Amino acid sequence: MNFNELDLTKLDKELTDEERNEWQAIYASYRGQSVISGEVAGVDLHELNIIPNGETKFAWKTVRCLIIINYRVKVIIPETEVFMEKLDTGYHILHSMCGAKVDYVITHIEREEGFAIASRKLALEKIRRANSKRRCKAGQVVDTKVISVGRGVCTVTFNGYDVMIPQREIGYSAVPDLREVMHPGDKRKAMIIEYNKADGIMKLSIKQTMPHPFDGIETRHPLGCTRIAKIVGKYGGGVFCRLYDGVTDVLCSYNTLQYDGDFKIGDSCEIVINKYNLEKKLVYGKILRKMLRR
């Protein structure tokens, strides 16, 4: 039955206050095309009559959908209505959005069945339009929301733009898996690196909002000092060791009698700082010994 033909007074009569408030927000979004938000609870497969990407006609397709349940009502966002621009991430990005808070506009209501269909893409368009007069420029620091995190890339949203940020622009320290340090729903400061309103281009960096760990290195970790560090990676016969300040990485070599196979990622070591590269802002050291596990 068409939504406008429904007797909502009768249908909503037995609802609790929480249920009534939830439905009222959904009705308002549908009628006024207003933006509401909710947390992604999961991903389902649904057969829907949609216009597939790259096509012009409606067709019944089984598609992945984001699911939002703020209280009792199931809101379905088809994958074709999630992003304005195509993000080169594969289907995994939908699953990695669980826990993120997203904006959407209700486009269809099945009141008697207890669910609604929504479009995040439409919400992004409205948010962009509402912020069209807001001045954005390179070097500006803005507040973003993390909506998806993969092993080596995260996606944040700002002003109606979804921006993928590679690991090299997340922080100064290498992280084997970003999912260990970032999560959907997090809020992060980011710097605008490039913004082209006409072409819909937005590039952001989280790293550039932070001070470089090399700054002040001579005071914190002077040449010749020894420090406790953790092995976080290996490269060409050497190892990356992270000092216990959590931000300073040291490119270390082994002593003459040390065997690489005895040192594993995650091991704690004592190292000596023996060289700086001021131009590249790099710190070099040598492993003195592996710390014994307790």
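## Salt bridges and their surroundings

Aspartate 44 has a relative accessible area of 27% and is therefore partly exposed. In this predicted model, the side chain of aspartate 44 meets that of lysine 74 in a salt bridge, with a distance of 2.8 Å from N to O. The pair links distant parts of the chain, since aspartate 44 belongs to strand β1 (residues 36-50) and lysine 74 to strand β3 (residues 74-78), 30 residues apart. Lysine 74 likewise counts as partly exposed, because its relative accessibility is 24%.

A salt bridge also joins the side chains of aspartate 103 and lysine 145. Here too distant parts of the chain are linked, with aspartate 103 in strand β4 (residues 101-110) and lysine 145 in strand β6 (residues 141-149), 42 residues apart. Lysine 145 has a relative accessibility of 26%, so this residue counts as partly exposed.

Is the pair of arginine 242 and aspartate 249, whose side chains meet in a salt bridge, buried or exposed? Arginine 242 counts as buried because its relative accessibility is 14%, and aspartate 249, with a relative accessible area of 18%, is buried as well.

| Salt bridge | Distance, N to O |
|---|---|
| Lysine 74 and aspartate 44 | 2.8 Å |
| Aspartate 103 and lysine 145 | 3.9 Å |
| Arginine 242 and aspartate 249 | 2.8 Å |

Salt bridges also link Arg151, Asp177 and Arg179 in a network. Over the whole structure, a search finds 15 salt bridges.

Methods. Residues are numbered from 1 along each chain as its sequence is written. This is a predicted model: local features need pLDDT of at least 70, side-chain atom pairs count only at pLDDT 80 or more; totals for chains, interfaces and linings use all residues. Side-chain values use heavy atoms; hydrogens and water are left out. A salt bridge is a side-chain nitrogen of Lys or Arg within 4 Å of a carboxyl oxygen of Asp or Glu. Helices (H or I, at least four residues) and strands (E, at least two) are DSSP runs, numbered from the N terminus. Buried means under 20% relative accessible area, exposed over 50%, partly exposed in between (1.4 Å probe, protein chains only).
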